Amino acid sequence: MKIKKKLLIGFSLILALFIGITSLGYERLNKMNQSMDHFYDNRFEKMRVAFEIRGEVNASARVIDSIVLGDQEPISGVDEITTRLKNAAKQYKSLSSIDLEPSEQEVVSGIISSSEGYGKSLKSFISFVNQGDVGAARKLYTDTLRHEQSLVIESLGGLVDFQETALKQEMNSSKKMYKRSVQLVAILTLIGLLLGLGIVLWVFPSITKGLNLLSRMADRFGKGRLRGFSHFEIKSTDELGDLAKVFKKIALDLQAKNEREAILSGIQQRQGRIDAQIARVTELLQEGSDVKLVAQSFISEFAPVLGASYGLLYLTDPNSSGRRRLELSGTYAVIEENEDIESSPTCIFPGEGLLGQSFRDAKPIILNEVPEGYVRISSGLGETCPSSLIIQPILHENTVLGIVELASISEFNSENIELLERLCEKLGTIVNNIHSRRRVEELLRESQAMTEELQAQSEELICQQEELRETNDKLEGQRNDLKNSELQLQQQQEMLEHTNRELTVKTISLEEYVDRMEQQNSQIAKANSELERQSLQLAMTSKYKSEFLANMSHELRTPLNSLLILSEFLAENKEGNLTDKQREYMRTIHYSGNDLLKMIDEILDLSKVDAGKMDIHPEWMVLNDVSTFLDHMYAPMASQKSLSLSIESEADIPNVIWTDGHRLKQILRNLMSNAIKFTDAGSITLTMRRPSAEEQKSDKWQKDVPYIAFSVRDSGIGIPPEKNELIFEAFHQADGTTSRKYGGTGLGLTISRELARLLGGWIHLETEVGKGSVFTLVLPERIQENANHLEDTIEPFRSDWAAVASDDVNVTAVPDAEEGFTKLQEEHYDCIVLDSNLPEDKRKLLNKPHHKDAAFENKKILLVDDDVRNVFALSSVLEHRQMTVIFAENGKEALSKLAEESDIDLVLMDIMMPEMDGYEAMIRIRDNADWKNLPIIALTAKAMKDDRSKCIEAGASDYITKPINTDQLLSLMRVWLYQ
């Protein structure tokens, strides 16, 4: 039975009992009230009237006594007696109006009868007094009036006695009724208590059991012991039982979720390790040109990674004629002096043994129980037999290019098997590229050989023609000498002429063939020359463009550097000499400078896209993180414009996708920023879903690839149909009015479309003027890592701190708190990151205060820059932090300053300077042994791709781009000054 029903029944019984007690009490109190009303309205009223009448009579008697005795004037005494009599008459009337019992009626009748006689005598007394006959009046008083007065008073006293007796009787009756009421209420109260106790004993056990069960569940839940919830048997059918069932379901669901997350984390870690090794194989083998060297490098590098203790690698020879075969190209842990090398064949044909069978079927073979004596794994200490064997074909476009055979003393796990498969795929691509490159080289050599052969044949034909001409000359000379034999030799002459004609025709044909070959060679040479010229021109154009952008970046960033540094410095107002309005002006200048810097970065991004040098770094991207990132960034902006912002995701999309998260966020930021910019009222919605059939109409769409769509819908101004393509062009918007009203460079959509293409996707547009637009970014769930547009190999993920370390952040990791405390005593750190599982006492050990500007005090800095604006801005910031700054306008002057000032702690080196630039200056500084360890931070305004590597190679300790972020520069200086 439900607790609710039990409580309802119990409380209903208690309520009924309470109603009964209340009704009884009300009935008893009502009777007592009626009795009290009867006491007051009847008994007390009658006694009051009797006392009032008796009082008037007694007062009249005193006046009469005074008149009789002569103590009072008769006239005034008569008036007072008359007044008393009138008052008594009124009281008699009120007594007659009260309900009287039969016994009371007799007493009242006696009072009235005696009062009537007393009244008559009193009137006679008054008459005598009024007549002045006091003696008659005194006689009447003595003979009659006194006696009648006593009778009246006695009759009134009898009424009072009667009422007192009745009051005592009614009081006794009321007391008995009160005692009975108290006894009945006590009995009913006791029954109620017993009933309540019974209800408690009936209801509380089920509640207690349910709460105990919930307590045990909560204890297990708090300790994370979720697996034990499946052993809880819930028999109760009440509300607590239902709650326990829900609690159990939540715990089991949470356990399942934790297991799924653990599996996903394992998959991600496993994928990270595999991707790191894949990147390693590309990095290791990308420069190789000898197939056997590549094969040996591959087997030597990755056999231990895969847990193998013995390995062979066979490759096919594309140049071999006849039947395809495998040739031994690489070995691992095979000793030349050992007889095992003889048991490993150097050549294998399809179908011969397990290697040949894998070669024929293009399928891997795995043996987990290798018989003893199959092969020996040996070292300097001993030898043993492997327990597992794996044979993996090396494929490229379903063609077997080789076979890898590995043996291990333990079984290969699934991760190693998958890694071997991926590594073989990558090796197949590399081997195929090497073969293709060799084939191209061979074809080129053959083409050159054929050209040389044709030239030799042409020269030989020319020599033969010369010989024929000489022969004809000789025959012509002998013609005069052989006239006699002309008839005999005529036939021979004709035959010679015929042969000569044939040779002439052949010679002409060969000459024409040679001419055609020479023309073709000339055309090929011209085409090659034109291609080389165009390639050189394109390279020069790209170089000039890069140089132009670099110089433009330098010229813009140099003044922007001092503007941002000084505006930020003044906005901080550490001297406290600026008003709030002036600080607001400085912040406005700083924000405007940042906007200009953003425009410069967009132009540089566009140039990288055009040059095909945009880097893509795929990673597992959690879509919920994207939603949270965009909501935090744009919710305040939408709220400021009173726009409704919502971010939705449909149920059929994955939780994570494999893509470049940074570039994905860059595209979505551009789309969301445009939506908010061009929407004055209404709403903006970002929806993550599957693309529609209309959105899949693209030349990049692939049939078997799953895609996901990021749709940004706004209720803004919309775009005319004829402008749909124009807005994706660089520096273009819908029209000039839009540009003037809303601002912007017109580069956002251009860069977004190119980034979408690099990620294997596209942007679809639906719009209507006045109603809004829908920009839909369609991306594959997994980017193709071997796409042609990827310029650089994805850098492997080396450690958990790779995401933290950057150009201006150095990370030092220690295994425990003691070593961390030692490091803190040796060096200064700007931030400490603690493991959440570190004990509290260990945390307190590391919780030591550090003054972040202590590293700057009394330090001498050499600032090398030819721009006085930068010198002024940077020196203001540095001197404000108790540093001494000395200046140099170029590298040559910097060398002089270093020679003069021996106590310089750090050098800030600009790159582009007259006379001697920063690169040459840093090289000369490093050539001097006294300055070899002097920290040098390079300052450059170009911000191009290879600037950092050039600076580091020249001798810079670190690198930062202009316009300089003050906090970033101080952080770098703090690191190097502590070192």
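Residues are numbered from 1 along each chain as its sequence is written. Because the model is predicted, local features need pLDDT of at least 70 and side-chain atom pairs count only at pLDDT 80 or more, while totals for chains, interfaces and linings use all residues; side-chain values use heavy atoms, with hydrogens and water left out.

The structure holds 14 salt bridges, a salt bridge being a side-chain nitrogen of Lys or Arg within 4 Å of a carboxyl oxygen of Asp or Glu. One of them joins the side chains of Glu-261 and Lys-257, with an N to O distance of 2.3 Å. Both residues belong to helix H5 (residues 239-285); because they are four residues apart there, about one helical turn separates them. Helices (H or I, at least four residues) and strands (E, at least two) are DSSP runs, numbered from the N terminus. Glu-261 is partly exposed at 41% relative accessibility, and Lys-257 is likewise partly exposed, at 37%. In these terms, buried means under 20% relative accessible area, exposed means over 50%, and partly exposed lies in between (1.4 Å probe, protein chains only).

A further salt bridge is formed by Lys-697 and Glu-694, at 3.1 Å from N to O. Lys-697 is exposed, with a relative accessible area of 61%, whereas Glu-694 is partly exposed at 41%.

The side chains of Asp-903 and Lys-860 also meet in a salt bridge, at 3.0 Å from N to O. Asp-903 lies in the loop between helix H19 (891-900) and strand E18 (906-910), and Lys-860 lies in strand E16 (residues 860-864), so the pair ties together parts that are 43 residues apart in sequence. Asp-903 is partly exposed, with a relative accessible area of 42%, while Lys-860 is buried, with 15%. Through shared partners, salt bridges join Lys-860, Glu-901 and Asp-903 into one network.

Phe-221, Leu-243, Val-246 and Ile-250 make a nonpolar surface patch of about 330 Å². Patches are made of residues with over 30% relative accessible area and no salt bridge; like charges are joined within 9 Å, and nonpolar side chains (Val, Leu, Ile, Met, Phe, Trp, Tyr) within 5 Å. Accessible areas come from the Shrake-Rupley method with a 1.4 Å probe, and for residues only the protein chains shown count as cover. H5 gives the most to the nonpolar patch, with three residues. Val-246 lies in helix H5 and is partly exposed, at 44% relative accessibility.

Most residues other than glycine have a negative phi. Ala-333, which is not a glycine, has a positive phi near 65°. This residue, Ala-333, lies in the loop between strand E2 (326-332) and helix H7 (340-343) and is partly exposed at 36% relative accessibility. Asn-858 also has a positive phi, of about 60°, although it is not a glycine. Asn-858 is found in the loop between helix H17 (840-846) and E16, and it counts as exposed at 72% relative accessibility.

Ser-876 is placed in helix H18 (residues 868-880). Ser-876 is buried, with a relative accessible area of 16%. Leaving aside residues up to four places away in sequence, Ser-876 touches Leu-566 and Phe-569, where contact means heavy atoms within 4.5 Å.
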